[in-house]
Amino acid sequence: MKFLLTKRFWLHIAGIAFVGLGFLGMALPVMPTTVFFILALVCFTRSSPEFAQRLLDHPKYGPSLRLWQDHRVIPMKGKCMAGTGMLLGFVVLCFTSAPLWVMFMVGGIELAVLYYICTRPSKVPSQCVLKRPVG
């Protein structure tokens, strides 16, 4: 019972939930995927290093997660995919009968997220790139 009250336990549960949402995002075009895997990585880094390593070793999402973890970089392809997914989701929302306040709220949140994404670097800073010796 004492284990249920620990921060590590709840971070582990949150990490599992974020992985689930990430997998759901693979199937639904309007849901992000990498963002949920980044959140899962943050949770697992603090609760279960083995699970964090499994995410970092993932063949498709591992490289992006490593870029984020090591350098806080979001590749241009990821930025474009996130922006396109948010735009598509917002367009679909506009064709529903959602209340106007919901559209404004979703639009505002998406603009804030898009601003954050666009202000992150797209490439690893040059001073961090290991250069191979010539010759």
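Helix 1 covers residues 7-27, and its 21 residues should span 30 Å at 1.5 Å a residue; the end C-alpha atoms lie 31 Å apart, which agrees. The expected span is 1.5 Å times one less than the number of residues. Helices here are DSSP runs (H or I, at least four residues), numbered from the N terminus. This is a predicted model, in which local features need pLDDT of at least 70 and side-chain atom pairs count only at pLDDT 80 or more, while totals for chains, interfaces and linings use all residues. Residues are numbered from 1 along each chain as its sequence is written, and side-chain values use heavy atoms, with hydrogens and water left out.

Which residues of helix 1 are buried? They are F9, L11, G15, V19, G22 and G25. Buried means under 20% relative accessible area, exposed over 50%, and partly exposed in between (1.4 Å probe, protein chains only). The cover over these residues includes helix 2 (34-47) and helix 3 (49-56).

Helix 3 also meets helix 4 (residues 62-71): their axes come within 7 Å and cross at roughly 115 degrees. Such axes are lines fitted to C-alpha atoms, for helices over the stretch in contact, with angles from 0 to 180 degrees between N-to-C directions. Q53, L55 and L56 of helix 3 make the contact (heavy atoms within 4.5 Å) with G62, L65, R66 and Q69 of helix 4.

The side chain of R66 also forms a salt bridge with that of D57 (3.1 Å, N to O). A salt bridge is a side-chain nitrogen of Lys or Arg within 4 Å of a carboxyl oxygen of Asp or Glu. R66 counts as partly exposed because its relative accessibility is 33%.

How values were computed. Helix = DSSP H or I, 4+ residues; strand = E, 2+ residues; numbered from the N terminus.
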